[in-house]
Amino acid sequence: MDIIRINDNSDKLYYIGGIVRDKLLGVQSLDVDITYVGNAIEYCSKFGEVIQENPDFGTVRVNVGGRAVDFASTRAEVYEKKGHLPVVTKIGCSLKEDVLRRDFTVNALAMSVSTGEIVDYAGGREDLKNKLLRVLHDESFIDDPTRIIRALKFRVRFGFELEEHTRRLQEDYLAHINYDMSYKRVKKELIETFNLNSQRAFEIFVNEGIYKLVSPENFELPKINIEELIKKYPVQNIWLVYIGLLPDLSRLEFTKEERKIIEDARTIGDLKNDFEIYKAFDGLASESILLYGILKDMRAVVRYLDTLANIKISITGEDLKRLGIAPSPEYQKIFDFVLKAKLENPKITFEDEIQLAKNFKN
Ligand code: ATP
């Protein structure tokens with residue numbers, strides 16, 4: 001998303017955070033954040049029709065020339081309960097206070113809307129030049145451990161590295177994790193990070209022990225390159241193929257569909273022949289199939305996805321009725337009998353299938 005033009009001559013309106021970082025990096029931004037030094041709800045409604053406002057956070061969404069733009073008031077926060085959402089202590093604080101509550105120096109840059117001047121209270125420009133992620137204070141990961149996953153996301157997305165002291169703070173935190181944290185936010189960051197489909201992200205996640213934020217017991221990197229696997233067999237919920245591998249997922253809140261994907265992959269036992277493979281995987285989410293492959297038996301998965309998944313029997317219940325067989329649970333047995341034959345010889349025709357159905361004996 002490009003920087004949106006706003007007609008403002010004050011020295012109180014600033015693009016802030018990711019958008020400034022992205023502009024300096026010369027990459028497209030995912031969203032536009034604008035901060036007003038003062039009360040944004042009062043000041044920014046003049047830019048267009050107000051779509052929504054949240055007085056508790058001092059934020060307002062305004063329709064600016066057909067685009068929904070979020071304006072925030074500068075605000076100060078404290079982490080009363082470490083690992084949980086901070087409490088807003090002041091709306092309309094100084095710009096400096098507002099930027100110093102942020103996660104990394106490269107995300108603490110502001111740019112004046114009226115003059116384009118960059119305001120850099122934390123040394124973000126220098127770190128951006130050197131591709132370094134540096135926290136703003138030593139308690140940063142204790143206040144909000146999701147920042148460790150955010151750092152991983154930025155490391156992979158932009159090729160950044162952790163600055164040395166920040167790396168040590170991460171190590172310290174991972175050696176003393178406080179599991180009473182907001183896992184809703186952890187999940188959001190995991191989704192954004194692993195939907196990038198990056199083997200490197202997963203290697204860092206495992207080798208640096210970041211996974212312990214979710215699943216405390218030791219976990220080893222699977223031998224399979226998951227990035228390549230997903231490139232060959234695309235899935236919708238990429239992140240689940242990575243995160244679903246962790247032994248302990250009890251802290252994350254999954255939707256019903258997500259939980260089913262993981263449970264399906266974990267409950268399938270050994271698959272000894274084509275028929276068992278087909279019956280186990282037919283109708284299953286692709287994510288479950290890949291997870292099973294990584295966890296148990298990739299040979300079965302490749303056999304299914306490359307070959308067996310394309311095989312379908314042609315006869316239907318209607319055909320069986322026409323043969324004079326009354327509808328009953330027997331139908332399923334007949335379909336399985338025909339399927340077994342077709343898996344052995346995919347070339348058999350519809351007429352062959354009818355013949356097989358006729359010959360079927362229970
Ligand atoms: P993206 O391109 O992924 O949207 P972003 O930096 O804009 O990157 P957002 O999650 O949209 O990320 O956050 C906007 C800004 O809010 C960040 O640039 C940062 O300044 C601040 N921020 C976001 N999450 C945190 C956090 N957990 N702790 C402190 N500051 C944060």
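Trainee: Which handedness does the crossing of α17 and α18 have?
Mentor: Keep in mind that we're looking at a predicted model. Helix α17 covers residues 330-344 and helix α18 covers residues 350-359, and their axes are 9 Å apart. The crossing of these two helices is right-handed.

Trainee: And how are α17 and α18 oriented to each other?
Mentor: Start with the packing angle, which is about 130°. Roughly perpendicular stops at 115 degrees and roughly antiparallel needs over 145, so an angle between those limits falls in the remaining class. That's why α17 and α18 are oblique.

Trainee: How many residues of the contact of α17 with α18 are charged?
Mentor: From α17 you've got I334, F337, V338, A341 and K342, and they meet E353, L356 and A357 in α18. Lys and Glu count as charged. The contact divides into six nonpolar residues, no polar ones, and charged ones numbering two.

Trainee: Switching to loops, is K131 buried, partly exposed or exposed?
Mentor: K131 sits in the loop between α4 and β10, and its phi is near 55°, a positive value in a residue other than glycine. Most residues other than glycine have a negative phi. For exposure, the band between 20% and 50% is the middle class. K131 has a relative accessible area of 39%, so it is partly exposed.

Trainee: What about N197, buried or exposed?
Mentor: N197 lies in the loop between α8 and α9, and it also has a positive phi, near 45°. Buried means under 20% relative accessible area. N197 has 12%, so it counts as buried.

Technical notes:
Residues are numbered from 1 along each chain as its sequence is written. This is a predicted model: local features need pLDDT of at least 70, side-chain atom pairs count only at pLDDT 80 or more; totals for chains, interfaces and linings use all residues. Side-chain values use heavy atoms; hydrogens and water are left out. Axes are lines fitted to C-alpha atoms, for helices over the stretch in contact, and angles run from 0 to 180 degrees between N-to-C directions. Helices (H or I, at least four residues) and strands (E, at least two) are DSSP runs, numbered from the N terminus. Angles under 35 degrees count as roughly parallel, over 145 as roughly antiparallel, 65 to 115 as roughly perpendicular and the rest as oblique. A crossing is left-handed if the near helix is turned anticlockwise from the far one by less than a right angle, and right-handed if clockwise. Contact means heavy atoms within 4.5 Å. Buried means under 20% relative accessible area, exposed over 50%, partly exposed in between (1.4 Å probe, protein chains only).
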